[in-house]
Amino acid sequence: MNTTMSFRTTSLGETHAFGEAVSELMNPGMTIVLVGGLGAGKTAFTQGVAKGLGIESRVTSPTFTMVATYDVDGRRGIRTLLHADLYRVGSGIEADDLAIGELVEEGAVAMVEWGDVAPDVLGGDQVFVHIETGSEDDERIFHFVDTDDIFNGGLISAAFERWGQS
Ligand SMILES: Nc1ncnc2c1ncn2[C@@H]1O[C@H](COP(=O)(O)OP(=O)(O)O)[C@@H](O)[C@H]1O
Ligand SMILES: [Mg+2]
């Protein structure tokens with residue numbers, strides 16, 4: 001896709017639906033690096049992705065476990081969703097502590113909150129998603145920075161017509 005595309009939601013429910021739509025474009029090996037302050041919607045977006053992958057368990061910020069693992073039914077080769085939160089970890093983290101890189105190569109996709117503190121250790125085909133609050137209450141803007149062209153551009157623009165911003 002073009003290096004940066006921006007999308008807008010105006011409620012928690014819309015962010016869940018947006019995450020579901022994004023999940024349909026995800027393939028094994030993808031690492032989504034979620035950037036944005038507390039309450040931006042990193043976990044909410046991940047909940048939508050999880051739902052879209054058919055995960056029924058409740059997804060919350062894995063602040064204390066560091067990486068939570070959810071089984072996926074193998075759709076499009078995806079067997080696992082990894083959900084990490086590096087907020088308390090900081091940039092001192094080492095690849096071995098996290099093992100996300102190895103796992104995504106074995107059929108996982110990863111959503112990493114605060115992943116920008118240590119992108120070098122994350123591995124995977126990385127797409128950065130910067131989330132910011134908009135001018136209205138409950139408005140959120142999602143900026144997808146896909147420098148390595150991980151998402152299929154045609155697909156993404158078709159699927160995201162509903163939320164797209166120029
Ligand atoms: N458009 C929106 N998208 C996502 N969350 C929203 C939106 N509008 C309001 N919210 C609220 O913002 C908060 C987002 O929390 P959360 O996803 O846990 O943030 P983070 O993980 O980035 O700290 C929730 O309380 C949610 O209800
Ligand atoms: Mg969170």
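This is a predicted model: local features need pLDDT of at least 70, side-chain atom pairs count only at pLDDT 80 or more; totals for chains, interfaces and linings use all residues.
Residues are numbered from 1 along each chain as its sequence is written, while chains are lettered from A and ligands numbered from 1 in the order in which they are written.

## Nonpolar core

I100 is also among the residues with the most contacts inside the largest nonpolar core, together with I32, L34, A110, V112 and V129. That core has 41 residues (a core is a set of buried Ala, Val, Leu, Ile, Met, Phe, Trp, Tyr and Cys residues joined through C-beta atoms within 7 Å). Its main contributor is strand β5, residues 108-113, with five residues.

Buried residues make up 39% of the 166 in the protein chain (buried: 20 or more other C-beta atoms within 10 Å of its own, C-beta atoms being placed from the backbone).

## Overall fold

The protein chain has five helices and eight strands (DSSP runs numbered from the N terminus: helices H or I, at least four residues; strands E, at least two). Their order along the sequence is β-α-β-α-β-β-α-α-β-β-β-α-β. The radius of gyration of the protein chain is 14 Å, close to the 15 Å of the globule rule for 166 residues, so the chain is as compact as a globular protein of that length (radius over C-alpha atoms; rule: 2.2 Å times the number of residues to the power 0.38).

Key:
A residue is buried if 20 or more other C-beta atoms lie within 10 Å of its own, exposed if 12 or fewer, and partly exposed in between; C-beta atoms are placed from the backbone.
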